[in-house]
Amino acid sequence: MKYVLDHDLHIHSRLSPCSNDPEQNPETILAHGVKAGYKHICLTDHFWDADVPCASGTWAGFDNINKALPLPQADGITFHFGCEADMDRYSVVGVSRKHFDKFDFIIVPINHLHCHWARVQKGEMDKKEQAVILAQRFWNLTQLDLPFRKVGLAHITWDGLAGGSPNWSDHIEILNYIPDSRWRLLFTEAAEKGMGIELNVNYKRYAEGDEREAMLRPYRIAKECGCRFYFGSDAHHPKELPALPERAAFFIDALGLTEDDKFNPFC
């Protein structure tokens with residue numbers, strides 16, 4: 001059976017500093033989820049646990065994102081409480097063991113290299129070096145003691161992985177420097193650990209042909225390796241929430257996704 005989009009598992013609220021939009025509140029998010037016919041939505045505000053050393057000093061602690069609770073609910077849909085827990089330059093993920101059970105779902109970005117606390121080294125890095133670092137951070141994530149049944153790898157092909165480069169296409173070159181063999185090793189490990197792979201790319205930004213295929217290549221390999229996928233809008237404002245279904249339809253068709261390819265952390 002063809003993959004059915006019945007969820008949005010990467011949504012920010014006004015509690016994320018990069019949103020700070022009073023209209024992006026749980027009630028607005030839930031209303032959108034009901035209208036879209038979703039079965040599951042998940043709030044994933046940026047988070048760094050105060051109990052974890054090397055805290056970024058940028059994202060809010062648990063006491064802040066906890067202000068969203070209790071989340072409103074509606075018939076036919078479940079509103080889950082999650083977080084986007086970042087990874088610093090030492091591959092430390094900002095969620096403590098004591099808070100694991102507080103979250104229904106935890107997404108981890110490994111490519112927030114535009115942030116000073118995530119940069120591995122000072123000064124400029126060439127794209128080959130950035131590719132090596134990205135792959136190493138992916139591997140390091142898979143080796144952590146995390147509840148992978150409810151962990152998702154956020155936006156692996158996000159254009160910000162170029163570390164804030166003004167040239168948007170730089171991230172494509174970085175992706176191209178990671179060979180298929182390395183991607184297979186990484187995604188095989190992710191599949192064995194049971195970690196979900198996120199799909200939320202605005203595919204329209206990529207020109208048809210080589211550019212779009214470069215973006216799709218990691219996901220094609222992930223599917224071959226047995227990974228399962230979830231979708232997230234990464235919405236920070238209400239106007240961004242409705243974009244997901246069209247983006248999802250593209251990936252479902254491009255990757256040939258079926259219900260067997262669906263990652264569900266709530267089983």
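The model is predicted, so local features need pLDDT of at least 70 and side-chain atom pairs count only at pLDDT 80 or more, while totals for chains, interfaces and linings use all residues. Residues are numbered from 1 along each chain as its sequence is written, and side-chain values use heavy atoms, without hydrogens and water.

**Exercise 1.** Classify the ring pair of Phe105 and Phe266.

Step 1. Rings of Phe, Tyr and Trp (its six-membered ring) pair if their centres lie within 6.5 Å; planes under 30 degrees apart are stacked, over 60 edge-to-face, and the rest tilted. This rule gives 16 aromatic pairs.

Step 2. For Phe105 and Phe266 the centres are 6.3 Å apart and the planes stand at 75°, which makes the pair edge-to-face.

Step 3. Phe105 belongs to strand β4 (residues 105-108) and Phe266 to the segment after α7 (244-255), so the pair ties together parts 161 residues apart in sequence. Here helices (H or I, at least four residues) and strands (E, at least two) are DSSP runs, numbered from the N terminus.

**Exercise 2.** Classify the pair of Phe250 and Phe251, and decide whether Phe250 is buried or exposed.

Step 1. The ring centres of Phe250 and Phe251 are 5.2 Å apart with planes at 80°, so this pair is edge-to-face.

Step 2. Buried means under 20% relative accessible area, exposed over 50%, and partly exposed in between (1.4 Å probe, protein chains only).

Step 3. Phe250, at 15%, is buried. Phe251, at 0%, is buried.

**Exercise 3.** Which residues do ring pairs link into a cluster?

Solution. The cluster consists of Phe47, Phe62, Phe81 and Phe103.
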